[in-house]
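Open the model in your viewer and keep the sequence panel beside it. We will go from the whole chain down to single residues.

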Amino acid sequence: MNRLRELDFLRGLAIILVLLRHISLFDFTTNIGWIGVDLFFVLSGFLVSQLLFKEYIKFGNIKPQLFLIRRGFKIYPVYYIFYLPYLFIKLRSSSINLYGILSDFLFIQNYMFGWGYAYVASWSLAVEEHFYFGFAILLWWGLKTKKIVLFKTNDKINSVFSFGKILVIILIFIFLIRILFNSSIFGNYSFVKLYTMTHLRVDSLVMGVLISYLFTFYFNFINNLFLKNKYSLLFFALLGLVWTPFLDPGFSYFVKTIGFTFLYISFGIILLYILLTKNINELLNKYLSKIVVDCISKIGFCSYSIYIIHGLVIAI
């Protein structure tokens, strides 16, 4: 999949928001910075599923093992190399916790500790890892057994699109699960785990998959729908984001239930706007200047490495 400057621009915004959250320059930037991770999730769901959908279109099937190996080569080397200095800094202030180290290595830290053990922000990497494995295997199994059907009929939805329905059901299910967990029906979890556990956060990635699915298999439908309602959708996206600087995500019941849903819908709309506006790069250059957009896009190109090392730089 060719890199798109406009998507790198969104990545750049996401990592800048994360940096603002962790550097703590001003109250406003610290308060709003947490939404950068949710933007990453939507983008990741879109881009990863695009790879698998394009593989299916080209070959008629997908090979999850090859996909996961490619993702592994992209993610693991940088993560494990920089984990050692994170661990060194951690051990200077506390004794060795083998369970903590093991949970970080196996990407289950968001269930064991909530945050990462040695590298606090690694909880979001665990969510993405669980998504990569779960989505690739589910799609492979569904296509192999024909339980999931990806189909295209003259770019028109003239019957039920089963995979899209599955994604919508998953989104609704996770929303309900979030309400139940935050209401203590399934036990009293710490505020951190209610913020980080995969089954309460993966719907942002699923939203990216839904956009990718419609964009790939029902382009005319989603394009016409968006263009007819572009301004009302953008207004809704603004409403879905305007509250974010004023609420603490860790302790807010609203944020950890409805708020996360508002976020991924808003970021999904913004992603659609970026994807479906033909002259988007000209508009970005016009309103933000080419230099600024190019700089943010280059930051976005390096966003994963920046995400891995920024905590180390701040700690040093």
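**Stop 1: one tyrosine**

Select Y79. This residue is buried, at 2% relative accessible area. Buried means under 20% relative accessible area, exposed means over 50%, and partly exposed lies in between (1.4 Å probe, protein chains only).

Before going on, two notes on the model. It is predicted: local features need pLDDT of at least 70, side-chain atom pairs count only at pLDDT 80 or more, and totals for chains, interfaces and linings use all residues. Residues are numbered from 1 along each chain as its sequence is written, and side-chain values use heavy atoms, with hydrogens and water left out.

**Stop 2: the whole chain**

Zoom out and show the cartoon. The protein chain has 17 helices and zero strands. Helices (H or I, at least four residues) and strands (E, at least two) are DSSP runs, numbered from the N terminus. The radius of gyration is 20 Å, close to the 20 Å that the globule rule gives for 316 residues, so the chain is as compact as a globular protein of that length. That radius is taken over C-alpha atoms, and the rule is 2.2 Å times the number of residues to the power 0.38.

The C-alpha atoms fill a box of roughly 60 × 50 × 40 Å, taken along the principal axes. Of the 316 residues, 49% count as buried. Now think about contacts, meaning heavy atoms within 4.5 Å. Among contacts between residues at least 6 apart in sequence, 72% join residues at least 24 apart.

**Stop 3: aromatic rings**

Show the side chains of Phe, Tyr and Trp. How many aromatic pairs does the structure hold? It holds 36. Rings of Phe, Tyr and Trp (its six-membered ring) pair if their centres lie within 6.5 Å; planes under 30 degrees apart count as stacked, over 60 as edge-to-face and the rest as tilted.

Y79 is buried, but Y80 is partly exposed at 27% relative accessibility.

Next, select F113 and Y117. This aromatic pair is tilted, with 5.7 Å centre to centre and 40° between the planes. F113 is partly exposed at 33%, whereas Y117 is buried at 7%.

Now select W34, F41, W115, W123, Y195, W243, F254, F260 and F262 together. Ring pairs link these residues into a cluster. R201 lies over the face of Y195, at 5.0 Å from the ring centre. R201 also lies over the face of F260, at 3.8 Å from that ring centre. A charge sits over a ring if NZ of Lys or CZ of Arg is within 6 Å of the ring centre and within 35 degrees of the ring normal.

**Stop 4: helix α11**

Select residues 203–217, which make up helix α11. Find S204 in this helix. Is S204 buried or exposed? S204 is buried, at 0% relative accessibility. Leaving out residues up to four places away in sequence, S204 touches D38, F41, V42 and Y264.

Move along to F215, also in α11.

**Stop 5: helix α14**

Select residues 255–276. This is helix α14, with 22 residues. Its first and last C-alpha atoms are 29 Å apart, close to the 32 Å expected at 1.5 Å a residue. The expected span is 1.5 Å times one less than the number of residues. In α14, 17 of the 22 residues are buried, so the helix is largely enclosed by the rest of the structure.

Pick T257 in α14. T257 is buried at 2%. A polar atom of its side chain lies 2.6 Å from the backbone oxygen of Y253. T257 also touches F175, R178, I179 and N182, not counting residues up to four places away in sequence.

**Stop 6: two loop residues**

Most residues other than glycine have a negative phi. Select K146, in the loop between α7 (123–144) and α8 (162–182). K146 has a positive phi of about 65° although it is not a glycine. K146 is exposed, at 69%.

Finish at S184, in the loop between α8 and α9 (191–196). The phi of S184 is positive too, near 65°. S184 is partly exposed, at 38% relative accessibility.

Methods:
A polar contact is a pair of N or O atoms within 3.5 Å; within protein, one must be able to donate a hydrogen and the other to accept it, and residues adjacent in sequence count only if both atoms are side-chain atoms.
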